[in-house]
Amino acid sequence: MNAVATEKRSAGKLKLTADGLQNLTILAIFVIICIVGYILKPDLFLTTNNMVNILVSASSTIITASAVTMVLISGNLDLSVGGVGAMAGVLFGLFAKAGVPVLTSAVLAVLAGMICGCLSGLIISALSLPSFIISLAFKYIASGIALIGAGGAIISAGLPGNIGMLGRTISGIPLPVVYAIVIFLIFLFIQNKTVFASQAYAIGSNITTAKLSGINTTKVVTIIFMLSGMVAAFTGVVVTSRFTVADCGILPGFESDCIIAAVLGGTDVNGGRGTVFGMIIGALIIGVLTNIMNMQGLASYTQDVVKGVVLALAILLNNTIRSKVKV
């Protein structure tokens, strides 16, 4: 369960755990992808502007995938994060347009996402319903609210001039990157230092055993989905602030990016295994891959094919490492 690659001493020799080998492997893949990017575009790839663009692009995935990783660890799946993010972005814009202060508007939008996640988690855990179906239902609900709120379009007229305050760059440092680092560190602490995370691992490993050991599975799963909804909403608010428009179509395919980042980082889709540390490497891989494909002029549908292949290979790699390395 350690976030960093750990080592065990056995008979005077160092032995990597499955998580450790997974993180080292994915780190090596990240370096190789960066080398390929430099070879393809040596004059553009390693420029400061491009590195900043990659970090800003990856920040949205890092923020939300930090919570999505915990969802997967608990043996569940959250497909609602894209819809919740879009809903929060539109609500943020509508509140601000109505004269509510920008920070208050952001808080209200994030609360809406938190409520969405809380309801989703409560239904899943209390009624023992499949998270795939319930989270998908909430994705459609949230996306529908976003479409209704924005009238199926983009809200730009009437927004206050300071709506971009949450997504701006200060002294050369983009605020979205700062948010990503802070939220990553918070979830890293939760994963490594709290009983709550240990309970999430136990639920993901065997929910029946977890219940018999006295873990309140309904409470833990509800809180995990609540956190997921909250950070997804926060991501929607930040993206809306960055572009200074409220778009009901923001974050398309976002849940896929978050799941790919988590799985690339070694999180088991069946639950019980995974690290937030590994997730951040996976998120950076997604960011670099997208950046390279954009520089090569690949169409969005071609990029979707590549991401699908990456997800399939990530699951294959994960299963291979788990079967070869004994923890």
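Trainee: Which residues of helix 6 are buried?

Mentor: The buried residues of helix 6 are Leu175, Pro176, Val177, Tyr179, Ala180, Ile183, Phe184, Phe187, Leu188, Ile190 and Gln191. Buried means under 20% relative accessible area, exposed means over 50%, and partly exposed is in between (1.4 Å probe, protein chains only). Helices (H or I, at least four residues) and strands (E, at least two) are DSSP runs, numbered from the N terminus.

Trainee: What kind of model is this, and how are residues numbered?

Mentor: This is a predicted model, in which local features need pLDDT of at least 70 and side-chain atom pairs count only at pLDDT 80 or more, while totals for chains, interfaces and linings use all residues. Residues are numbered from 1 along each chain as its sequence is written, and side-chain values use heavy atoms, with hydrogens and water left out.

Trainee: Back to helix 6, then: what covers its buried residues?

Mentor: The cover includes helix 2, strand 4 (169-170), strand 5 (173-174), helix 7 (195-205), helix 9 and helix 11, where contact means heavy atoms within 4.5 Å.

Trainee: How do helix 6 and helix 11 cross?

Mentor: The axes of helix 6 (residues 175-193) and helix 11 (residues 276-295) come within 9 Å and cross at roughly 150°, so the two helices are roughly antiparallel to each other. Axes here are lines fitted to C-alpha atoms, for helices over the stretch in contact, and angles run from 0 to 180 degrees between N-to-C directions. Angles under 35 degrees count as roughly parallel, over 145 as roughly antiparallel, 65 to 115 as roughly perpendicular and the rest as oblique.

Trainee: Which residues make that contact?

Mentor: Helix 6 contributes Phe184, Phe187, Leu188 and Gln191, and helix 11 contributes Val276, Phe277, Met279 and Ile280. By class, this contact has 7 nonpolar, 1 polar and no charged residues; Ala, Val, Leu, Ile, Met, Phe, Trp, Tyr, Cys and Pro count as nonpolar, Asp, Glu, Lys and Arg as charged, and the others, Gly among them, as polar.

Trainee: And Met279, is that one buried or exposed?

Mentor: Met279 counts as buried, at 0% relative accessibility. Leaving aside neighbours within four places in sequence, Met279 is in contact with Ile62, Ala65, Ser66, Thr69, Phe184, Ala261, Ala262 and Gly265. Met279 and Thr267 are 12 residues apart in sequence and 7.7 Å apart in space, C-alpha to C-alpha.

Trainee: Ala65 came up as a contact of Met279. Where is the kink in helix 2 centred?

Mentor: The kink in helix 2 is centred on Ala65 and is about 35°, the bend at a residue being the angle between axes fitted to the seven residues ending there and the seven starting there. Helix 2 (residues 48-73) has 26 residues and reaches 35 Å from its first C-alpha to its last, close to the 38 Å expected at 1.5 Å a residue. That expected span is 1.5 Å times one less than the number of residues.

Trainee: Switching to helix 9, how many of its residues are buried?

Mentor: Helix 9 is mostly covered, with 19 of its 27 residues buried. Gly229 touches Val84, Gly113, Met114 and Gly117, not counting residues up to four places away in sequence.
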